[in-house]
Amino acid sequence: MYPWLNGTFRQLAQRAQRNSLHHALLVQGPSGIGKTFFCDALTKSLLCKKQENEPCGTCQSCQLFNAQSHPDLHRIASDKQLGVDLVREAIQKLTSTAHLSGNKVLIIERADSMTESAANALLKTLEEPTGDTYLFLISAHPERLLPTIISRCEKVNISAPSFDECKQWLSSQNIAGVTDDIIRIYGHCPLTIISQLENQQSTNYADFCHSMEEMKRGKMSALVLAEKWQKESDQIVLWLQYELRQIAAANIHNSLFWQIENKLKLATVSLQNPGVNRILVLTGLLLDYQKL
Ligand SMILES: [Zn+2]
């Protein structure tokens, strides 16, 4: 288990062992800290036939779990919106008798992306669960969930590790390219940091800083950079926000700072629209940075 999840995990695993775990957990916290891994580990404990402190790893249930083919573990995971059919199908499976005559688990990743009808379809199961059934809802944006869903779950809050803990863990994993800036930009979320650093195709943060310097010195145009960065505009806006905070910390009275901060917030929203002209949005932002 990741060290920053260990305390919470131990508590819940012990309750699972004592049969006092709530049947519906809402596991909430920022992306990239291991919420899914956490739920998977708890599920493995719940499904293990030996019901000891730790999953034994050798029983039939543990072996099926390791092979990702446990018949009593159901999972809803998609990058898209979670529609009612997906939820109904999963509930249907959940209401049948357990194949291994033990617990049954349904994990819903990105639960906040359920449509309203999908959420309503889930409500009844949350209210009147069948025996030995557990539902784990995972969410980085629980505020988007229906209040009726939230009120029927026990909330498990998972936080990112502290800066120092994150830095220490990344170094213990021999992850190359970690800097203090990177850790701060991604809110100490270790798994997000790893995936950013491993994504070689995109611009890395050092290149971004270098290009920004070049632009400020007039050696590179905002338009050229915007064209180059358009496909990774979300990440660029995140870095621009970080850069702005750095500048603001040194020069809090610069009124331009607040204007740009507002524009960045608007850009974050408008860039979610697939039809938006990314080059135009980025060029507008970069031209403002030239004035700082
Ligand atoms: Zn086992």
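Val27 lies in strand β1 (residues 24-28). Strands are DSSP runs of E of at least two residues, helices are runs of H or I of at least four, and both are numbered from the N terminus. The model is predicted: local features need pLDDT of at least 70, side-chain atom pairs count only at pLDDT 80 or more, and totals for chains, interfaces and linings use all residues. Residues are numbered from 1 along each chain as its sequence is written, and side-chain values use heavy atoms, with hydrogens and water left out.

Val27 is buried, at a relative accessible area of 1%. Buried denotes under 20% relative accessible area, exposed over 50%, and partly exposed the range in between (1.4 Å probe, protein chains only). Residues up to four places away in sequence aside, Val27 touches Lys35, Phe38, Cys39, Leu137, Ile138, Ser139, Val156 and Ile158. Contact here means heavy atoms within 4.5 Å. Gly177 is 150 residues from Val27 along the chain, and their C-alpha atoms are separated by 30 Å.

The protein has 292 residues, of which 43% count as buried. Its secondary structure comprises 14 helices and five strands. The C-alpha trace spans about 70 × 45 × 35 Å along its principal axes. Among contacts with a separation of 6 or more, 74% join residues 24 or more positions apart. The domain assignment gives domain 1 (3-157) and domain 2 (199-291). Such bounds come from an automatic or database domain assignment. The C-alpha centres of the two domains lie 39 Å apart.

The largest nonpolar core has 63 residues. A nonpolar core is a set of buried Ala, Val, Leu, Ile, Met, Phe, Trp, Tyr and Cys residues joined through side-chain atoms within 4.5 Å. Leu21, Phe38, Phe136, Leu240 and Leu286 have the most contacts inside this largest core. Helix α12 (residues 233-250) supplies its largest share, seven residues. Domain 1 (3-157) and domain 2 (199-291) both give residues to this core, so it lies between them. Leu21 touches Leu12, Arg15, Ala16, Leu42, Leu46, Tyr134 and Phe136, not counting residues up to four places away in sequence. Another core, of 23 residues, lies apart from the largest one. Its members include Leu26, Val87, Leu106 and Ala118.

Helix α12 packs against helix α14 (residues 278-291) through a set of residue contacts. The two axes come within 11 Å and cross at roughly 15°. Axes are lines fitted to C-alpha atoms, for helices over the stretch in contact, with angles from 0 to 180 degrees between N-to-C directions. The crossing angle makes α12 roughly parallel to α14. Angles under 35 degrees count as roughly parallel, over 145 as roughly antiparallel, 65 to 115 as roughly perpendicular, and the rest as oblique. The crossing of α12 past α14 is left-handed. That term applies if the near helix is turned anticlockwise from the far one by less than a right angle; clockwise is right-handed. From α12, Ser233, Ile236, Val237, Leu240, Gln241, Glu243 and Leu244 take part. They meet Arg278, Leu282, Leu285, Leu286 and Tyr289 in α14.

Glu243, in helix α12, is buried, with a relative accessible area of 12%. Beyond its neighbours within four places in sequence, Glu243 is in contact with Phe208, Met212, Lys216 and Tyr289.

Helix α9 (residues 190-198) also has buried positions, namely Pro190, Thr192, Ile193 and Ile194. The cover over these buried residues includes α7 (163-172) and α8 (180-185).
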